[in-house]
Amino acid sequence: MVHELDEGLPLEKVKDFSLEELLGMAIKAEMGARRFYESLAERIEIGSLKEKIEWLASEEGKHEALLRKMYESMFPGKEILFPKEHIGPELKPVARELNSAQDIIELIRWAMRAEEIAAHFYEEIEKIVETDDRKRLMRYLSDMEKGHYYTLRAEYELLLDWEMYSQMMHVGP
């Protein structure tokens, strides 16, 4: 069992929540992803992988800021509603020691899944929001999450062949 992941509700449940609740879920998910990546980066010693994970943490922070701005414009003066439930996996900070490549591979595999579902989640919200600028923002976030998935997937595939990965790390940029 992966302690850093809470499975959450299936994507089809999006229709059971208000837009305000969905935005709250999205903000909470971006906060969780940022903390997950920050804590993962602290435990990784492979320089180039650590840099990519730190970059992902930074990206998630930017997404959170964009979503907070959107929430404020749609629900002025309201405190953000963070529902207990969430759609798709929710990443939690890594608190354990990572003793092997397998530990890292497992966490990256779950992060890939979370990024993939996040991309679909934003596609679903795009269908709900009414203005073109909000639709564009949801499309942008969806595309960014897909990019995160492919960044992680490239690292994941290299980690599967640890020997090749360690050789590449000594070759240079």
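Arg-139 and Glu-126 form a salt bridge in which the closest N and O atoms are 2.8 Å apart, a salt bridge being a side-chain nitrogen of Lys or Arg within 4 Å of a carboxyl oxygen of Asp or Glu. Arg-139 belongs to helix α4 and Glu-126 to helix α3, so the pair ties together parts that are 13 residues apart in sequence. Glu-126 is buried, with a relative accessible area of 16%, while Arg-139 is partly exposed at 37%; here buried means under 20% relative accessible area, exposed means over 50%, and partly exposed lies in between, with a 1.4 Å probe and protein chains only.

The model is a predicted one, in which local features need pLDDT of at least 70 and side-chain atom pairs count only at pLDDT 80 or more, whereas totals for chains, interfaces and linings use all residues. Residues are numbered from 1 along each chain as its sequence is written, and side-chain values use heavy atoms, with hydrogens and water left out.

**Salt bridges**

Side chains of opposite charge can pair when their charged atoms come close. The structure holds 12 salt bridges, and the table gives some of them.

| Salt bridge | N to O distance | Relative accessible area |
|---|---|---|
| Arg-139 and Glu-126 | 2.8 Å | Arg-139 37%, Glu-126 16% |
| Glu-38 and Arg-34 | 3.6 Å | Glu-38 35%, Arg-34 21% |
| Arg-153 and Glu-157 | 3.0 Å | Arg-153 33%, Glu-157 43% |

Glu-38 and Arg-34 are 4 residues apart in helix α1 (residues 19–42), which means that about one helical turn separates them. Arg-153 and Glu-157 both lie in helix α4, and they too are 4 residues apart, about one turn of the helix. Salt bridges that share partners also join Arg-34, Glu-38, Glu-64 and Arg-68 into one network.

**Helices α3 and α4**

Two packed helices are described by the angle between their axes and the distance between the axes. The axes of α3 (residues 101–128) and α4 (residues 132–160) come within 8 Å and cross at roughly 165°, where axes are lines fitted to C-alpha atoms, for helices over the stretch in contact, and angles run from 0 to 180 degrees between N-to-C directions. The two helices are therefore roughly antiparallel to each other, a term for angles over 145 degrees, whereas angles under 35 count as roughly parallel, 65 to 115 as roughly perpendicular and the rest as oblique. The residues of the contact of α3 with α4 divide into 16 nonpolar, 2 polar and 11 charged; Ala, Val, Leu, Ile, Met, Phe, Trp, Tyr, Cys and Pro count as nonpolar, Asp, Glu, Lys and Arg as charged, and the others, Gly among them, as polar.

**The nonpolar core and the whole chain**

The largest nonpolar core has 25 residues, and those with the most contacts inside it are Phe-36, Tyr-37, Leu-40, Leu-49, Ile-53, Ile-108 and Leu-152; such a core is a set of buried Ala, Val, Leu, Ile, Met, Phe, Trp, Tyr and Cys residues joined through side-chain atoms within 4.5 Å. At least two residues of this core come from each of α1, α2 (47–74), α3 and α4, and α3 gives the most, with 7 residues.

The chain has 5 helices and 2 strands, which are DSSP runs numbered from the N terminus, helices being H or I with at least four residues and strands E with at least two. From the N terminus on, the elements run β-α-α-β-α-α-α. Buried residues make up 45% of the 173 residues in the chain.
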